[in-house]
Amino acid sequence: MTDPIAPIPREALDALPPETTRLGRAGRALLSRYPVWPVIDYFRHKSVPQHRHSAWYSVGGIVLFFFAVQLVTGILLMVYYRPSQPWQSVQRIVNEVPYGNVVRSLHHWAANLMILAVFVHLFSTFFLKAYRPPREGTWLTGLGLLGLSMAFGFSGYLLPWDDLSFFATRVGISELEKAPVLGTWIADLARGGDDVTVDTIGRFYPLHVVVLPLLVMGLVSVHVLFVQLQGMSAPDRYYALPPERKKSVSFFGEYLFAEIPIWLLMGALLAFLATFFPRGLSPEADPTAPAPPGIKPEWYFLSQYQALKLFPGKLELVGMVLLGGIPMLAFALPFIDRAIPTNERGRTVTGLGFLALMGLVGMTIWGWWS
Amino acid sequence: MNYPVWDVPGIGAGLIVAIIAILHVLVSHIAVGGGAFLFLAELWARRQPDKDRIRAWLKRYVTFFLVYTTVFGAITGVGIWFSIQLASPEATSLLIHQFVFAWAIEWVAFLGELTVLYLYYYGWDSNSEPRQIFLAGAYFGIAWISLVVINGILTFMLTPGDWTLDNRDIAAGFLNPGYFSALSLRTMVMFLLAGLSAFVVAARVDDDQLKARIVRFASYWVLPAAVLIPVFSYLFWSRLPAFSVKLATDGVVGLAGGKLEVMSRAIWLAGLTGSLVLLGTLTFLLRPRALTLGAAIAMLGTAQIGIAGAEFFREMARKPYVVYGVLYSNSLWVRDATPAKLREPFLSRARWHPDPPALTRERGEWIYRLQCASCHTRDGYRSLTARTEQWTPEFGFQWLETMDANGVMPPFQGDAEDRAALVAYLLSLRGKTIDPTEIVRTAPPSPRAPSAEVKP
């Protein structure tokens with residue numbers, strides 16, 4: 001067998017730092033060919049601050065875990081899903097394909113839990129003020145990922161083509177249609193016509209399985225890269241501590257291993273939900289039939305849906321402008337609240353964020369029960 | 001049926017029993033397995049050069065153990081009694097009368113457990129070394145006896161073996177076909193949980209070297225148990241009634257239109273979570289510093305989910321009985337399930353209910369409460385509104401008569417008027433107004449199907 005080090009000049013190996021001996025002969029041979037040691041060394045020294053709010057750091061990892069589950073279960077579903085026969089193929093997955101119903105239920109629950117985790121991640125980041133400079137980029141890409149996650153949910157919901165998904169999508173797009181200026185154009189573009197038809201699936205399917213995954217993977221990479229480069233944000237009190245009292249743990253040596261059991265628990269939770277609350281399939285969508293009573297969007301759109309009901313008739317436009325302003329404000333946040341440590345404006349922003357959270361939860365519950 | 005019904009909207013009485021019982025299983029299994037852990041940890045600690053430090057940690061474990069097992073164990077234990085006698089009075093009565101001495105032993109064992117545990121805990125500093133070790137060992141011995149007793153009664157319900165209502169052979173019922181495999185299985189689960197709960201207390205140890213040693217010691221409880229649990233599960237599986245096995249295995253590809261049946265999914269859930277617990281423990285062993293409180297609780301939570309799956313399977317495997325082959329889930333004795341008796345008007349045999357007029361929706365509601373509500377709810381868990389969505393009055397009327405044909409449901413008790421009243425009630429849950437008299441008048445004459453005969 002050829003010695004992997006033999007072709008490498010002795011000087012190249014000697015130039016490697018002494019710590020690389022732990023990588024073994026093959027590892028050092030690779031390093032002498034591909035000089036990535038500075039990158040590895042950077043990650044070796046990456047640490048995670050430890051303070052009373054450290055537990056919130058786990059939520060980002062949980063989102064990634066659910067996204068990974070989505071990729072795997074999504075690929076498995078694609079094996080049997082046929083966009084030309086959407087309902088029939090999903091029915092086959094549910095009733096005939098071994099473990100098909102479990103895989104579909106896992107996909108359904110991981111989607112919901114992923115969006116929930118994204119919201120939790122957003123608000124924990126908000127209240128820990130991790131959006132402030134120099135982390136504007138992390139915040140903005142995170143907001144983008146929230147939008148993409150919701151788009152994932154919206155586009156995936158239609159794919160089974162049962163009456164629930166059909167009418168909920170029709171309601172959702174008709175709300176979009178009411179938006180000023182571009183509303184009609186965007187709605188027509190999404191539907192592929194005046195109404196939701198199989199042509200809409202022709203649009204939603206590639207969006208769901210190609211465009212959105214690529215966008216999310218790209219944006220997640222940038223988001224995580226920012227976190228790696230800038231380190232994890234910590235509360236002001238942590239920064240104010242003297243160096244000897246600042247506790248931290250090694251990211252790859254310790255933190256990542258402590259996260260594994262959390263992901264395992266999330267996996268068990270997903271399996272539990274898929275076991276005892278499997279996703280059902282309603283009758284095939286019939287566009288000519290009247291909508292079943294009580295059709296509503298999925299829970300992550302309910303707050304907006306319910307809030308718009310507070311602006312009936314001509315006031316609806318006002319409601320849309322006000323609701324549209326919320327994401328705009330979220331994007332502008334790092335440029336409004338820049339102070340470290342927290343000043344008066346920072347405290348006001350926190351209060352407004354608390355109100356927004358209460359509004360989101362309250363409207364969702366109201367929409368659920370109404 | 002001889003007791004006022006317990007009509008729990010949305011959740012159903014059966015699910016309440018299941019939730020309390022599954023919580024109790026986690027607590028009680030830690031209570032027994034933790035006893036063995038205490039005993040061996042006492043021996044281990046006293047042989048270590050830094051025994052005081054390790055015993056200081058062990059004291060924390062005992063504090064957690066004592067509070068957790070006595071408080072939650074007692075609450076959930078009483079909760080089980082409270083709920084089962086409301087959900088299934090007939091079965092509760094059978095179990096009490098049949099195993100009265102077993103219950104007495106179990107309660108004495110419980111009292112003994114508590115007494116010894118308190119002597120052990122409050123004598124921590126004053127007891128001599130041999131006495132302290134003896135108390136730890138005695139605690140485990142007594143606690144395990146409670147398992148030995150309860151296991152006989154639990155397995156009796158699924159595999160009563162040669163026990164019948166005629167011979168009432170206590171030994172045959174207690175040492176039934178599933179007894180020893182279930183006892184071994186539960187003992188292994190107890191050791192696994194003892195190790196996992198030790199992780200929770202070890203998470204707060206600051207000294208990395210001590211933490212690593214405790215993690216290693218606790219892993220010796222989890223890893224062998226995790227390997228042996230599938231072995232004993234298989235032995236238990238091999239003792240199950242053939243029809244339970246058929247229900248679970250057919251579910252993978254065939255039963256009920258091909259869906260992976262909930263019983264099959266529950267087995268899958270238990271197996272998956274077992275593997276996850278194994279992975280988590282190996283992670284702790286590889287990187288003891290990764291053992292944080294959150295990580296340890298996550299593993300205990302994962303095990304709890306697995307136990308929920310396994311216990312759910314055990315409960316569902318009894319379908320359609322409460323005591324296999326003896327008593328149906330709707331409190332109908334199998335010996336009473338003769339065609340002639342089944343056709344008698346139902347409410348005339350049941351007690352503790354008003355007597356609404358025949359062929360009315362109100363009568364149907366009382367039949368629902370007395371025959372359906374121990375497993376189903378109107379519109380929540382195992383919703384009858386959803387299950388009757390495709391029903392026409394005629395279909396429902398005929399279906400009820402032979403609903404036990406596939407072996408999953410118990411036989412319906414009552415005459416044609418009872419069936420019509422129940423159909424009218426169930427369809428009224430979706431806002432349909434049906435006249436039961438009309439159902440009976442238009443129904444074709446249909447002799448009771450042969451399936452009313454007793455199922456094996």
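A: What follows is a short exchange about a predicted model.

Q: Start with chain A. How many helices and strands does chain A have?
A: Chain A has 15 helices and 2 strands. Its C-alpha atoms fill a box of roughly 75 × 60 × 40 Å along the principal axes.

Q: What share of the residues in chain A is buried?
A: Of the 370 residues in chain A, 32% are buried.

Q: And of the contacts in chain A with a separation of 6 or more, what share comes from residues 24 or more positions apart?
A: Such pairs account for 74% of those contacts.

Q: Over to chain B. How do the axes of helix 1 and helix 2 of chain B cross?
A: Helix 1 of chain B covers residues 13-46 and helix 2 of chain B covers residues 51-87; their axes come within 8 Å and cross at roughly 155°. An angle over 145 degrees counts as roughly antiparallel, and therefore helix 1 and helix 2 of chain B are roughly antiparallel to each other.

Q: Which residue classes make up the contact of helix 1 with helix 2 of chain B?
A: That contact has 22 nonpolar, 10 polar and 3 charged residues.

Q: Left-handed or right-handed crossing?
A: Helix 1 of chain B passes helix 2 of chain B in a left-handed crossing.

Q: What about the largest nonpolar core: which residues have the most contacts inside it?
A: B:Tyr139 and B:Leu192 do, in a core of 200 residues.

Q: What does B:Tyr139 touch, leaving out residues up to four places away in sequence?
A: B:Tyr139 touches B:Gly35, B:Leu38, B:Glu113, B:Val116, B:Leu117 and B:Tyr120.

Q: Backbone next. Where is the cis peptide bond in chain A?
A: A cis bond joins A:Pro133 and A:Pro134, with omega about 10°. A:Pro134 sits in the loop between helix 6 (100-127) and helix 7 (136-158) of chain A.

Q: What is the peptide bond from B:Lys319 to B:Pro320, cis or trans?
A: That bond is cis, with omega near 0°. B:Pro320 is in the loop between helix 12 (293-316) and strand 1 (321-323) of chain B.

Q: Back to chain A and phi. What is phi of A:Lys129?
A: Phi of A:Lys129 is near 55°, a positive value in a residue other than glycine. A:Lys129 lies in the loop between helix 6 and helix 7 of chain A.

Q: Is A:Lys129 buried or exposed?
A: A:Lys129 counts as buried because it has 22 C-beta neighbours inside 10 Å, and the cut-off for buried is 20 or more.

Q: And A:Tyr99, where does it lie?
A: A:Tyr99 is in the loop between helix 5 (86-95) and helix 6 of chain A. A:Tyr99 is not a glycine, yet its phi is positive, about 65°. With 16 C-beta neighbours inside 10 Å, A:Tyr99 counts as partly exposed.

Key: Residues are numbered from 1 along each chain as its sequence is written. Chains are lettered from A and ligands numbered from 1 in the order in which they are written. This is a predicted model: local features need pLDDT of at least 70, side-chain atom pairs count only at pLDDT 80 or more; totals for chains, interfaces and linings use all residues. Helices (H or I, at least four residues) and strands (E, at least two) are DSSP runs, numbered from the N terminus. A residue is buried if 20 or more other C-beta atoms lie within 10 Å of its own, exposed if 12 or fewer, and partly exposed in between; C-beta atoms are placed from the backbone. Two residues are in contact if their C-beta atoms, placed from the backbone, lie within 7 Å. Axes are lines fitted to C-alpha atoms, for helices over the stretch in contact, and angles run from 0 to 180 degrees between N-to-C directions. Angles under 35 degrees count as roughly parallel, over 145 as roughly antiparallel, 65 to 115 as roughly perpendicular and the rest as oblique. A crossing is left-handed if the near helix is turned anticlockwise from the far one by less than a right angle, and right-handed if clockwise. Ala, Val, Leu, Ile, Met, Phe, Trp, Tyr, Cys and Pro count as nonpolar, Asp, Glu, Lys and Arg as charged, and the others, Gly among them, as polar. A nonpolar core is a set of buried Ala, Val, Leu, Ile, Met, Phe, Trp, Tyr and Cys residues joined through C-beta atoms within 7 Å.
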